[in-house]
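Have the viewer open and try each task before you read on.

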Amino acid sequence: MRIASSHLITSCATAAAIILFVALGSQVVPAAFDGLQVQAHDNALSVAFILNIAIILFGWRRSKDLKEALDAYDKAERLAERNANTDPATGLANRRELMSALELSLAAKSSGVLLLLDLDHFKRVNDLHGHLAGDKLLKIVADALVDEAPADSCCARIGGDEFAILLDGASAKEAEKVAQGILSRLSKPVDLGTVRVFVSASIGLSQVRKLQKEEDVLRESDFALYAAKRAGRNCFAWFDPELERELTDRVQLEEDIRSGIENGEFVPFFQPLIDLTSRELVGFEALARWRSPTRGFLEAETFIEAAEKTGLIGPLTISVVEQALKEARDWPPHLKIAINVSPVQFRDPQLAQHIMKVVTEAGFPAHRLEVEITEASLLEDREQVLATIGSLKNVGISISLDDFGTGYASLSQVNTLPIDRIKIDKSFISTIVKSEQTAAIVNTITSLGHTLNVPITAEGIESEQVRNELGKYGCAEGQGYLFGRPLSADTVRTFLDMKERNDGRESPSESEEEARPKIRRSW
């Protein structure tokens with residue numbers, strides 16, 4: 001380093017000047033004190049002596065300045081090194097320092113446990129109370145980690161609301177004690193000054209084993225953290241190799257869904273909607289199906305959850321709806337089509353615009369479209385949900401509350417929601433003839449619908465006995481395997497064409513009956 005080198009050279013030069021000062025002084029000073037006559041060469045010694053003093057003073061000053069500069073540089077270097085390894089918001093180690101500590105632990109072949117912690121719903125604190133409150137919460141969590149962990153542990157914030165603790169040499173029992181202590185500490189309300197918030201955490205634990213890499217230990221803890229979240233949060237879980245295989249399969253599923261959307265593999269299938277009084281076909285519900293070249297033909301239950309968690313549910317739904325509306329625009333004009341919207345999609349403030357754009361581009365009459373929302377949608381931003389519903393209704397689209405009775409909607413919420421239809425979940429319909437309690441629930445729901453002047457649709461009708469029983473309650477529409485399973489667009493088109501041709505006849509021909517084996521002859 002140039003400053004250090006200059007300081008060393010200056011110090012050596014100053015030391016040499018001091019030695020010369022002593023040598024010259026031993027000759028010049030005694031003569032001056034004795035009053036001896038100074039010869040010419042003595043004059044030169046005197047001048048050299050004075051110059052030597054000046055050099056010493058200059059060297060001392062220069063050495064002092066360089067020493068101060070060197071100290072400042074060392075201080076800045078130590079500060080930079082500290083900043084490079086410390087999280088500024090919490091004062092804990094950062095990800096880099098954690099990985100360094102983990103590397104040293106693995107190199108020493110010592111055992112231990114890596115604890116990975118993620119705050120539950122931290123974003124909600126930021127959104128409701130601001131980022132300053134969020135920063136205070138992070139510091140409080142950091143202090144809790146330091147207090148609960150052994151003194152020689154490496155406590156780190158590795159990003160966002162994610163923390164880690166390297167418990168070097170700890171046993172599984174000791175690690176669980178630390179994890180439980182942190183969970184207990186965070187279960188209490190946290191005072192952020194102006195507000196008090198309730199937070200919890202999910203914790204993943206993994207053993208630090210010999211011959212591992214740092215990234216492997218961190219990945220295993222991440223898998224365990226995922227397991228803790230899936231178990232309901234506010235708990236801890238250990239890494240399990242089976243969990244890794246499961247998560248790997250899930251990641252592959254998500255990638256296949258993404259490519260499936262791009263390749264048009266998701267298509268609508270249509271389940272008949274029947275007027276229970278006239279027994280006439282009134283429309284179809286469009287249901288997403290996946291024609292995967294590697295996984296085969298899949299129903300929605302196998303991919304909807306993964307699509308929701310990855311944010312792919314929006315483009316998947318819009319793709320299926322677009323296909324369904326283009327198909328349905330050529331149906332007889334009295335037939336409606338119902339589509340499902342995931343609760344996750346209501347987080348998008350542009351949801352209504354997306355749907356209306358698809359309706360417009362498909363050339364489909366808005367009054368023939370029914371959008372089905374679930375009770376879980378009410379857990380999202382209620383004002384935004386109501387704004388979305390209002391925008392859709394303003395253009396003539398009707399709203400149906402799907403799976404009623406299984407979620408969170410109260411009678412007061414239903415009374416204030418601008419809905420056009422209530423659909424009773426099939427879990428109630430399928431047992432209505434077997435359970436008096438279920439029958440009472442169905443009776444209550446239908447009575448509510450009649451009071452609010454909202455028609456009722458029953459899902460999951462699979463027998464004539466169930467259909468006859470529903471006649472007692474005044475359900476307007478029904479759907480289920482009794483009337484037909486979900487059908488491909490080609491099958492629906494063939495059926496509707498045949499029905500149109502047969503409207504003027506007493507009965508269809510035998511060949512036409514054989515051509516539609518998947519559809520019931522009468523509703």
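**Exercise 1: Ile 399 and its strand**

Ile 399 lies in strand β13, which spans residues 398-404. The model is predicted: local features need pLDDT of at least 70, side-chain atom pairs count only at pLDDT 80 or more, and totals for chains, interfaces and linings use all residues. Residues are numbered from 1 along each chain as its sequence is written, and side-chain values use heavy atoms, with hydrogens and water left out.

Task: decide whether Ile 399 is buried or exposed.

Solution. 
1. Buried means under 20% relative accessible area, exposed over 50%, partly exposed in between (1.4 Å probe, protein chains only).
2. Ile 399 has a relative accessible area of 1%, so it is buried.
3. Strands are DSSP runs of E with at least two residues, and helices are runs of H or I with at least four, numbered from the N terminus.

**Exercise 2: Partners of β13**

Task: find which strands are joined to β13.

Solution. 
1. Two strands pair if DSSP finds at least two bridges between them.
2. Strand β12 (residues 369-374) runs parallel to β13, with 5 bridges; here Val 371 stands opposite Ile 399.
3. Strand β14 (residues 421-424) is also parallel to β13, with 3 bridges, and Phe 404 stands opposite Ile 424.

**Exercise 3: Asp 256**

Task: locate Asp 256 and list its contacts beyond four places in sequence.

Solution. 
1. Asp 256 sits in helix α8 (residues 241-262).
2. With contact meaning heavy atoms within 4.5 Å, Asp 256 touches Trp 290, Thr 294 and Arg 295.
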